[in-house]
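Here is my notebook from an afternoon of looking things up. Have the structure open beside you and follow along.

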Amino acid sequence: MLEQYNIMLGRSHMDEKNEMKKLWWGIAFGLLAIAAAVAAWFISGGTVDTQGLAILVALGILMIVLTVVKVHAGHHYFMGMALVGVVMVVAGLLGVISGTIPDEGGILITCGLIMAFVGGIWLARSEDKRIVDERSQKIGSYGTAYSWYITFMAVILFFWLDMLDLLKVQVSTILGSLLFLMIGSALFFQWYYNRRGDVY
Amino acid sequence: MQTRMKEFRARTNMTQAALADAVGVRRETIVFLEKGKYNPSLRLAWQVACALETSIDELFLFGDEDK
């Protein structure tokens, strides 16, 4: 009976269309990053910072690979992400302890923790919560938008506090506060609207 | 906004989970829809109406305050 409804509602067709849209956007952004790196190389006549270009090309390739894997692998994508995160944390720890990558180890551990955290949260969700529907997308978008406003206010506040010499803090402290404020407020708004049912 | 979703769901003998599965949303979205706390898109309203074998205007009731 459910299959009959799906055919009647044309849901599978719409889902497929949305997935393809996501896939093409991901590939387009990845190719754009690679094209920008190649263009910068030719325009500068080969004098531009090659490390920066290599990072841009790597990010472009990563974007394409992640988009393709996400669209096609679904649930396994997050499992893979969590596993890669754990491997990165272990590799980072080993690198720091052995002294082979004392500085880069920290970056590896941080990135690994973020990946393991994001993947782990998704895997810990119930089957129902893993479904992305119009309500969850709406609440997600509004939560992120309100978080942006709050962060914008905080940036203005920090700016004037600094201009008027009322507060003297390090740049890293401000950036850290903004990072936590942005993520924290987005999560709060999404939780709040999810409890209410809608964003109004 | 009020809905008659519960009534139509009982008529078609569908659970909230089955309805959610039929229209491709979370079960909690159906819960909030039934409580009248979530304002659905026209597409979702139509999908729910189709799944419950009825029409949108029979399913969702708007009062004067919704105008």
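How many of the 10 residues of helix α4 of chain B are buried? I counted as buried anything under 20% relative accessible area, with over 50% exposed and partly exposed in between (1.4 Å probe, protein chains only). Helix α4 (residues 42-51) of chain B has 7 buried residues, so it is mostly covered. Among them I noted L44(B), V48(B) and C50(B). After α4(B) comes E53(B), with a positive phi near 55°.

My ground rules: this is a predicted model, where local features need pLDDT of at least 70 and side-chain atom pairs count only at pLDDT 80 or more, while totals for chains, interfaces and linings use all residues. Residues are numbered from 1 along each chain as written, chains are lettered from A and ligands numbered from 1 in written order, and side-chain values use heavy atoms, without hydrogens and water. Helices (H or I, at least four residues) and strands (E, at least two) are DSSP runs, numbered from the N terminus.

I looked up the record next: UniProt lists residues 5-59 of chain B as "domain: HTH cro/C1-type" in an unreviewed entry, and such annotations may be inferred rather than shown by experiment. That stretch is 69% helix and 0% strand, and its end C-alpha atoms are 6 Å apart.

Then I turned to chain A. The axes of α6 (residues 134-163) and α7 (residues 171-196) of chain A come within 8 Å and cross at roughly 145°; axes are lines fitted to C-alpha atoms, for helices over the stretch in contact, with angles from 0 to 180 degrees between N-to-C directions.
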